[in-house]
Amino acid sequence: MPDTIVILDFGSQYTQLIARRVRELHVYCELLPHDAPREEIERLKPRGIILSGGPASVYDEGAAVLPGFMFDLHVPLLGICYGLHLLAQALGGRVARSERQEYGPAVVQVDEAAPLFAGLPASLPVWMSHGDQVTDLPQGFGVLAHSDTCAYAAVADPARKIYGLQFHPEVSHTPQGQEILRHFLFDICGCSGDWTPAAFIDSAVRTIRDQVGAARGGASHSRGVDSTVAATLVGRAIGERLVCVFVDHGLLRAGEARSVADLFHRQLGLEVVTVQAQDRFLGKLRGVVDPEAKRKIIGTEFVRVFEETSRELHERALTRSPDAAPIRFLAQGTLYPDVIESRGRERQAAARIKTHHNVGGLPEDLEFELIEPLRYLFKDEVRAVALELGLPEQVAFRQPFPGPGLAVRILGPVTEQGLAILQAADAIVREEIEAAGLARDVWQYFAILTPLKTVGVMGDGRTYDHVVAVRAVTSADGMTADWARLPHPVLARISTRIVNEVRGVNRVVYDITSKPPGTIEWE
């Protein structure tokens with residue numbers, strides 16, 4: 001077990017950033033729900049525990065509370081925002097509504113540098129996001145930093161190694177936040193910082209091997225980096241007992257289905273079974289408009305196809321060997337952002353943004369036990385793991401693609417005609433951005449088929465055709481994103497080619513919305 005930090009999640013939308021910052025310092029961490037049982041926390045033998053922020057007030061009825069055993073664990077504690085309030089309240093301090101809410105940039109003055117602020121300037125820009133604050137400190141606590149509006153911006157009880165921050169060190173708007181976390185992890189918790197992609201691979205392979213035992217497993221594959229890395233890890237763990245199933249639901253980008261077998265057979269050396277299911281998926285989606293319904297339909301149908309295929313494969317295997325084991329496990333490339341936005345089982349205190357087909361979209365009567373080795377990784381971490389596994393760069397840096405495919409890039413009902421239009425337009429977007437040498441600079445780039453039609457003029461005649469939107473964003477992990485400032489000549493070529501080459505489109509628009517307030521995908 002590597003040095004481990006446990007992060008207890010009280011519902012903050014920043015919680016995943018705490019995990020990112022800890023991981024960036026090469027310290028392993030796991031995010032657990034705020035009401036995780038003591039046994040689950042002790043199993044990890046944490047070096048320290050971080051209490052996240054949250055949307056509630058500690059004095060609200062029904063608000064999440066600090067586990068009663070927390071101080072019996074005798075490990076360093078760091079409370080951030082709501083986490084600080086919980087510590088103060090539990091130890092006899094007082095928390096009250098602030099005279100003035102504070103959301104945004106602020107400046108704190110350091111009163112006591114060691115150990116959290118050692119080597120940092122006496123005046124630090126930070127990011128505040130709170131309507132409550134500590135008004136009376138518990139016994140044994142002292143002030144580490146203050147601001148003009150917050151007397152207890154950072155506090156500590158060094159004897160018990162309990163620390164609290166009113167501001168958020170995990171966000172980029174607190175420039176020295178990473179250094180503050182570094183001091184907590186290394187100087188206070190005594191972590192060694194030896195968690196690397198190679199260490200993750202070793203740990204994941206051992207975990208998968210223990211989970212699967214002597215059984216067989218299958219991996220769902222969409223040719224994306226996530227499912228490829230997941231399948232490769234499972235393959236390392238159980239070898240020939242892995243069967244990769246590629247369900248071609250007909251919702252992929254142009255030309256993608258043809259390259260899957262080549263990738264698995266020639267480059268990865270894994271067995272892959274291809275199932276043609278385009279008509280089946282399109283039939284289930286016929287007339288469906290609501291994006292949440294689309295995701296659930298695709299998630300459910302995908303599993304049903306996988307179940308049927310697994311049974312067929314087992315029946316064939318029985319003809320060769322009466323002792324052939326059935327496929328009992330399903331591996332998929334679920335990432336932490338999927339869990340965040342879908343409000344997975346670890347994130348019940350947070351708001352659901354949208355259901356990802358592989359988290360909230362799976363049927364409740366799933367026949368398989370899930371293997372999700374990447375569930376707590378961010379996309380950039382997965383890319384690093386891919387390279388460590390020896391996967392080709394074109395696989396490791398492949399741009400993200402939603403599991404439901406183009407179904408959630410067609411606003412409105414999914415039809416064969418709409419798919420053909422979108423595949424052609426999307427291919428042009430990808431070709432032009434890649435030809436301009438921008439593929440590694442842009443996180444994600446794609447086309448969206450909108451339900452709008454507009455009047456146009458082509459060949460001296462009137463047209464009334466579809467509007468295609470182009471989306472391109474920059475990001476580090478997909479949790480936040482900004483619209484990409486593509487050069488105007490590139491945008492011009494994309495627009496010109498789409499309206500000239502894609503029949504049924506007469507207008508192209510460019511999305512300049514960041515995340516938040518928008519999401520990267522439109523649905």
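Helix α5 gives the largest share of the lining of the largest pocket, eight residues. This is a predicted model, where local features need pLDDT of at least 70, side-chain atom pairs count only at pLDDT 80 or more, and totals for chains, interfaces and linings use all residues. Residues are numbered from 1 along each chain as its sequence is written, and side-chain values use heavy atoms, leaving out hydrogens and water.

The pocket has a volume of about 840 Å³. Here a pocket is an open set of points on a 1 Å grid over the protein atoms alone, where a 1.4 Å probe fits, with protein on both sides within 12 Å along at least five of seven lines; lining residues have an atom within 4 Å of a point. Of its 30 lining residues, Tyr28, Glu30, Thr207, Glu372 and Tyr376 are the closest to the centre. Besides α5 (197-212), the elements that give two or more residues are β2 (28-33), α2 (38-43) and β14 (369-371). The lining divides into 17 nonpolar, three polar and 10 charged residues.

Now to β1, residues 4-9, where six of six residues are buried (under 20% relative accessible area, 1.4 Å probe, protein chains only). Thr4, Val6 and Leu8 cover one side, and Ile5, Ile7 and Asp9 the other. Its pairings (at least two DSSP bridges between two strands) are:

| Pair | Bridges | Direction |
|---|---|---|
| β1 and β2 | six bridges | parallel |
| β1 and β3 | four bridges | parallel |

Ile5 stands opposite Cys29 in β2, while Leu8 has Leu51 in β3 as its bridge partner.

Notes
Grid points are joined across faces, edges and corners, and a volume is the space filled by probe spheres set on the points. Ala, Val, Leu, Ile, Met, Phe, Trp, Tyr, Cys and Pro count as nonpolar, Asp, Glu, Lys and Arg as charged, and the others, Gly among them, as polar. Buried means under 20% relative accessible area, exposed over 50%, partly exposed in between (1.4 Å probe, protein chains only).
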